[in-house]
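Subject: Structure handover

Hello,

Here is the structure you asked about. Please open it alongside this note, and read on for what turned up.

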2 protein chains.
Amino acid sequence: MFSKACEYGIKASIYIALNSYDGVRVSLKEIAKEINSPEAFTAKILQDLVRHKIINSVKGAYGGFEIEKRNIASIKLAQIVNAIDGDNIYHGCGLGLDVCDANHPCPVHDQFITIRNELKYMLETTNLEQLALDIKSGVSFLKI
Amino acid sequence: MFSKACEYGIKASIYIALNSYDGVRVSLKEIAKEINSPEAFTAKILQDLVRHKIINSVKGAYGGFEIEKRNIASIKLAQIVNAIDGDNIYHGCGLGLDVCDANHPCPVHDQFITIRNELKYMLETTNLEQLALDIKSGVSFLKI
DNA sequence: TTTAAATAGGATAAAACTATCCGAAATAAG
DNA sequence: CTTATTTCGGATAGTTTTATCCTATTTAAA
């Protein structure tokens, strides 16, 4: 469904949110370890999220990544996916047509519209707070 | 959502079905032109569909691709997707965890389950006949 | 039987995605 | 001020996906 980069990005964001709740800044090394992702590749993705102002970074000793506490509940999965994979999950045609809309639909346009809209709704309504709390309470997991 | 190969495979199958209805066998060249896909790459995909017995091929002059008329209505999108992309659309975790189930869910497991199941249902219930008839009646389109 | 038209399939190339490496810059602590 | 730590960013490598090329094989028609 998503690219590897996006998967890492979502998991990293959740882990950062989880710690930012406790006012703890986390390093790349720790993030990569906790979400089981390649460190250098994860660094690139985090840089991307920083550029998109979804997470904050602090350079130097005792630096790392964090999310402002008051923002955690308002950051939606859609923002993360959008920052990394772009927005063709929403707009793209299921069969790759350049133009595909109600007036000029591809053969599976109607079938995909439903599913795509639900995916869109899910991504736009799911926020980092929910996901982080489930990790915290041991309901869900970021690795293995 | 799907790979390029899968997109081409679905469109090609629809175009072949459309013509097989009229008892017309179509060539690779014609298919690629009508679905706006790269010819040589499309050839590979068609070979794959032939190996999976989803379509038939006839070599030599006046050869081409066809689908037995009586099979058109029973070929589901799921079979095509499965032949080309495999079945990890169904089984894979949304965040790439090796193990992700109700007992050990990833953070977005519940959210994805719903969407994945609907996608699965859609693919398993949509058949080539429906799609081909919409093309024939000008309701939907295979290119531009 | 020869020829032209097609698919089959192996080899290869190009592009995109995933991943790694290393030096630069920033920052806190000693 | 120096040092250790840590992110940033450019360069590069590996892998997968997408795409192309070329030859072999098959088949129908002349």
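Start with one residue in a loop. Asn36(B) sits between helix 2 and helix 3 of chain B, in the loop that joins them. Its backbone is worth a look: Asn36(B) is not a glycine, yet has a positive phi of about 55°. Most residues other than glycine have a negative phi. Asn36(B) counts as partly exposed because it has 14 C-beta neighbours inside 10 Å.

Lys53(B) is another case. Phi of Lys53(B) is near 60°, again positive in a residue that is not glycine. Lys53(B) lies in the loop between helix 3 and strand 1 (56-58) of chain B. Is Lys53(B) buried or exposed? Lys53(B) is exposed, with 10 other C-beta atoms within 10 Å.

Please keep in mind that this is a predicted model.

The chain A fold

Chain A has seven helices and two strands. Along the sequence the order is α-α-α-β-β-α-α-α-α. The C-alpha trace of chain A spans about 55 × 30 × 30 Å along its principal axes. Chain A has 144 residues, and 40% of them are buried. Now take the contacts in chain A between residues at least 6 apart in sequence. Of these, 67% join residues at least 24 apart.

One pair to look at is Phe41(A) and Tyr8(A). In sequence they are 33 residues apart; in space they are 9.0 Å apart, C-alpha to C-alpha. Phe41(A) belongs to helix 3 of chain A. Phe41(A) has 13 C-beta neighbours inside 10 Å, so it counts as partly exposed.

How the two chains relate

Chain A superposes on chain B by a rotation of 179°, with 0.0 Å of shift along the axis. The RMSD is 0.2 Å. This is therefore the relation of a two-fold axis. Which residue of chain A comes closest to the rotation axis? It is Met1(A), at 2.9 Å (C-alpha). The same surface serves both copies, since 100% of the contact residues of chain A recur in chain B.

The contact between the chains

Chain A puts 32 residues into the contact, and chain B puts in 32 residues. On the chain A side, the elements giving two or more residues are helix 1 (4-20), helix 6 (109-125) and helix 7 (128-136). Helix 6 of chain A gives the most to that side, with six residues. The chain A side divides into 18 nonpolar, seven polar and seven charged residues.

Helix 6 also meets its counterpart. The axes of helix 6 of chain A and helix 6 (residues 109-125) of chain B come within 10 Å. They cross at roughly 175°. The two helices are therefore roughly antiparallel to each other. From chain A, the residues in this meeting are Gln111(A), Ile115(A), Glu118(A), Leu119(A) and Met122(A). From chain B, they are Gln111(B), Ile115(B), Glu118(B), Leu119(B) and Met122(B).

The DNA strands

DNA strand C is surrounded by 26 residues. The closest are Lys4(A), Pro38(A), Ala40(A), Gly60(A) and Leu28(B). Both chains take part. Chain A gives two or more residues from each of helix 1 and helix 3 (39-51). The surface near DNA strand C holds 12 nonpolar, nine polar and five charged residues.

DNA strand D is surrounded by 25 residues. Here the closest are Ser57(A), Lys4(B), Pro38(B), Ala40(B) and Gly60(B). The elements giving two or more residues are helix 3 and strand 2 (64-66) of chain A, plus helix 1 (4-20) and helix 3 of chain B. Helix 3 of chain A gives the most, with four residues. The classes near DNA strand D are 12 nonpolar, nine polar and four charged.

Best wishes

Definitions and conventions:
Residues numbered from 1 in each chain as written. Chains lettered and ligands numbered in written order. Predicted model: local features only at pLDDT ≥ 70, side-chain atom pairs only at ≥ 80, totals over all residues. Contact = placed C-beta atoms within 7 Å. Nonpolar A, V, L, I, M, F, W, Y, C, P; charged D, E, K, R; others polar. Near = placed C-beta within 6 Å. Axes fitted to C-alpha atoms, helices over the stretch in contact; angles between N-to-C directions. Parallel < 35°, antiparallel > 145°, perpendicular 65-115°, else oblique. Least-squares fit on C-alpha atoms with pLDDT ≥ 70 in both. Buried ≥ 20, exposed ≤ 12 C-beta atoms within 10 Å, placed from the backbone.
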